[in-house]
Amino acid sequence: MQRNHNHPTIVTIEKVIDETPTVRTLVFSDKVMSNVLPGQFAMVWVPRVNELPMSIMISKESEKAAFTVRKHGPASTGLFNVKVGEQIGIRGPYGNSFDLKEGKILLVGGGTGLVPMMRLLTFVQPTDDVTVLIGAKSKDEVFFEDLANHLLEKNIHKVIVSTDDGSYGEKGFVTDLVEKLVSETHYDGVYTCGPEIMMYKTVHSAHSRNIFVQASLERMMKCGVGICGSCCVGEDLVCRDGTIFDGEHLSKNKEFGYFHRNKAGILENY
Amino acid sequence: MDSNLTTSIGPMQLDRPVMLASGILGISLDVFNRVYRSGAGAVVTKSLSKEPWEGYPNPTIFGVKGGGWINAVGLSNPGAPNFAKMIESNQNIPIIVSLVGSIPEDFEMMIKQFENCKVTAYELNLSCPHVAKVGLEVGDDPELVKKIVTTVKNTTNVPVIAKVGLGTTHYLNTVGTAIESGIDAITAINTVRAMAIDVETQQPILSNKFGGLSGTPIKPIALRCVYEISSKYNIPIIGCGGVSTWEDAIEFFLAGASAIQLGSAVGDNWISIFDKINQGILQYMKRKGYSSIKDLVGLAKKS
């Protein structure tokens, strides 16, 4: 029977890469997922455990796809613990994708928010001048620095890491670095994914200077297709309208940067 | 022909006959507003309980290979008191508040939360097929249905709808009991209890194992139920189950429904579906020479 992208397709994990003690990349074969646009996601079913939305990671080999997961709650820990040879279900791809501008590009990623940023890097033109900011709490949480440099080999580029505690790269919050960069340089496009407060500040820094900026939002998700309503942010559904929103749109959203909904749908502060 | 989309469901008047079904997108007033702007005649909230419920762990919804959806979200909702506060500012949107509970007092307590809200109707969920002690387990108990409907009718002057489904008690008997107890309208039907098993991992896909089937596969069943209810009883009916085109909506009107609800079609087509169906209904009415939806209701029963 023809593949129904809303029904879990079973794939087998072929390779597991330890990125940090708490972050792993799981590689599998799937042509559909290997060709998705930057920012799109899948609902990933870990049988007997849970199902969770995951941004689709790049794989160096063709027709292979990957997820990069940080163990956090029961669902992500379940995915983190999947071993080579074990099966997971995937549905999607879902969601929109980044509108990549040409010229001077700034990418700002924190944690596994770097996943869509890495995918975006595979779409840049050789003529683009690209700066990647990687924010982390400390040295042992830094990953994808080498990958970003590798993907940008042919470009004028900079990959800057900042850690909150200064144990690696520059010391301080990555958002302070964003504010400094956008105040000094005009970028043609700023793209961000990571913790909401990081995205909120990045969007504000860029949008207030009329710089085109997009952020990929994360919310509690159940269906992934705009049925359950769990992921609403104001009147937007992250799964269906996003996950990527323009700074212009986000600047009018009353919930972005302030509230998210819990499993019962009650608004909670960030 | 001067045709219009207004419809009456007993004491309720709506500008448009296509509503958002319960459980779909129903947790924020901002989203309700958007759905209303996109063409829904009314929005039905997620089924609310006395306390907030988290629902079941994922997977809670997935598409069925042959079409339609199976879900066991588990009636996750912020609870009636929180929800009532959220919709207090509502002025313009016809909101139908869906309620679940186990005993008459649950419903009484919840309805009191909405005293300061503009509520178009209450819809009693007597038919959720996948949560214990509420929904179908209530709808299958005629004595309990009688007590709940009677209590709710004594608590509020707002119209009250009973949403019925296919349980172990024949749904026509549940409809009869609700009518005897004073119900104003019936929504038929809810999702149909169902499951799917993944053959590779040999596991039921839903965390709850069982869920409810919705979407196009259940439309002929829902249509049959609307036809049967309207043949047996004189009660306003809202058709629900697998509507995804204007032809589906017209079929439900012809079977005896005065309005329809849709849910799965939002997942398949997104919210532009409301206006698309509204326009299709209107074109059909003009082409066939009907000025009002009420002129279509139950026409298929005439021989």
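In which sense do strands E10(B) and E15 of chain B pair, and over how many bridges? E10(B) and E15 (residues 237-240) pair in the parallel sense over three bridges, where pairing requires at least two DSSP bridges between two strands. This is a predicted model, in which local features need pLDDT of at least 70, side-chain atom pairs count only at pLDDT 80 or more, and totals for chains, interfaces and linings use all residues. Residues are numbered from 1 along each chain as its sequence is written, with chains lettered from A and ligands numbered from 1 in the order in which they are written.

**Strand E10 of chain B**
- Strands here are DSSP runs of E with at least two residues, and helices are runs of H or I with at least four, numbered from the N terminus.
- Ala185(B) and Thr187(B) on one side of E10 (residues 185-188), and Ile186(B) and Ala188(B) on the other, are all buried, meaning that 20 or more other C-beta atoms, placed from the backbone, lie within 10 Å of a residue's own.
- Thr187(B) stands opposite Ile238(B) in E15(B).
- Strand E9 (residues 160-164) of chain B runs parallel to E10(B), joined by four bridges, and Ala162(B) has Ile186(B) as its bridge partner.

Note on methods. Buried ≥ 20, exposed ≤ 12 C-beta atoms within 10 Å, placed from the backbone.
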